[in-house]
Amino acid sequence: MITDLRVPAEHQQPYSTAYEQMLEKVRYEGAYPTRERAEKAVRLVLAGLGRQLTGDERVDLAACLPLEAARVLTTQIPDTQPLTGWAFVKDLAARTGASLATTRWDTGSVFAAVAAHAGPDLLTRILQQLPTGHALLFGRAELTPAA
């Protein structure tokens, strides 16, 4: 059981099984040494994604995610100007002080789990809403229409 150290022990709630499984998937995908490190990545990346998504895609994604992950996503206020995939990684790195390489790794690891929860149809809708560069972060090819 993972707990939040900022909350007194008598008030801590165990995470849901679905969230525990999501953390394990991220830990495996990212080769993180601990679940705590995987959870740090999940919270960072989902908060960033929450600042990018709006509308039905945001609501539908939150409905697919475990409650703890959905809460991180939906407590963020969407930015008025969505970021490209690379700008998204740079923004997360700047917020944490981590290297771009580490942040890119974290993003790919978390987005692999998010994609598994969302499914291909919702993921396609999400990628259509986001600026270029996000498909690669989700492990998909970045397809552009022929001119």
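**Reading helices, burial and packing**

Me: How does Thr 17 count, buried or exposed?

Reply: Thr 17 counts as exposed, because its relative accessibility is 57%. The general idea is a scale of relative accessible area: buried is under 20%, exposed is over 50%, and partly exposed is in between, using a 1.4 Å probe and protein chains only. Before we go on, please keep in mind that this is a predicted model, in which local features need pLDDT of at least 70 and side-chain atom pairs count only at pLDDT 80 or more, while totals for chains, interfaces and linings use all residues. Residues are numbered from 1 along each chain as its sequence is written, and side-chain values use heavy atoms, with hydrogens and water left out.

Me: In which helix does Thr 17 lie?

Reply: Thr 17 belongs to helix α1. Helices (H or I, at least four residues) and strands (E, at least two) are DSSP runs, numbered from the N terminus. In sequence, Thr 17 and Pro 66 are 49 residues apart, yet their C-alpha atoms lie 8.6 Å apart in space.

Me: How many helices and strands does the chain have?

Reply: There are 7 helices and 0 strands, and the elements from the N terminus on read α-α-α-α-α-α-α. Of the 147 residues in the chain, 41% are buried.

Me: What share of the contacts joins residues at least 24 apart?

Reply: A contact means heavy atoms within 4.5 Å. Taking contacts between residues at least 6 apart in sequence, 62% join residues at least 24 apart.

Me: How do the axes of α1 and α6 cross?

Reply: Axes are lines fitted to C-alpha atoms, for helices over the stretch in contact, and the angle runs from 0 to 180 degrees between N-to-C directions. Here, the axes of α1 (residues 17-30) and α6 (residues 100-129) come within 9 Å and cross at roughly 135°. The two helices are therefore oblique to each other. As for the cut-offs, under 35 degrees is roughly parallel, over 145 roughly antiparallel, 65 to 115 roughly perpendicular, and the rest oblique.

Me: What is the handedness of the crossing of α1 and α6?

Reply: The α1 and α6 crossing is right-handed. A crossing is right-handed if the near helix is turned clockwise from the far one by less than a right angle, and left-handed if anticlockwise.

Me: Which residues in α1 and α6 meet?

Reply: From α1 come Met 22, Lys 25, Val 26, Glu 29 and Gly 30; they meet Trp 105, Ser 109, Val 110, Ala 112, Ala 113, Val 114, Ala 116 and His 117 in α6. The residues of this contact divide into 8 nonpolar, 3 polar and 2 charged. In this scheme Ala, Val, Leu, Ile, Met, Phe, Trp, Tyr, Cys and Pro count as nonpolar, Asp, Glu, Lys and Arg as charged, and the others, Gly among them, as polar.

Me: How do the axes of α2 and α6 cross?

Reply: The α2 and α6 axes come within 9 Å and cross at roughly 85°. That angle makes α2 roughly perpendicular to α6. Among the α2 residues in the contact are Arg 37, Ala 41 and Leu 49, and those of α6 include Thr 102, Val 110, Phe 111 and Val 114. The division is 9 nonpolar, 2 polar and 2 charged.

Me: And how do the axes of α2 and α4 cross?

Reply: The axes of α2 and α4 come within 7 Å and cross at roughly 50°, which makes α2 oblique to α4. The crossing of α2 past α4 is right-handed. Arg 43, Leu 46, Ala 47, Leu 49 and Gly 50 of α2 make the contact with Ala 69, Val 72 and Leu 73 of α4.

Me: Which residues of α3 are buried?

Reply: Glu 57, Arg 58, Leu 61 and Ala 62 are the buried residues of α3. They cover an arc of only 130° around the axis, so they sit on the same side of α3. The arc is that of the directions from the helix axis to the C-beta atoms. Asp 56, Val 59 and Ala 63 are exposed on the other side of α3. The cover over the buried residues of α3 includes α2 (35-50), α4 (67-74) and α6.

Me: With which residues is Cys 64 in contact, leaving aside its neighbours within four places in sequence?

Reply: Cys 64, found in helix α3 (residues 55-64), is in contact with His 117, Ala 118 and Leu 122. Cys 64 is partly exposed, because its relative accessible area is 32%. Its C-alpha atom is separated by 8.8 Å from that of Val 114, 50 residues apart along the chain.

Me: What is the phi of Ala 31?

Reply: Ala 31 has a positive phi of about 55°, although it is not a glycine. Ala 31 lies in the loop between α1 and α2, and counts as exposed because its relative accessibility is 61%.
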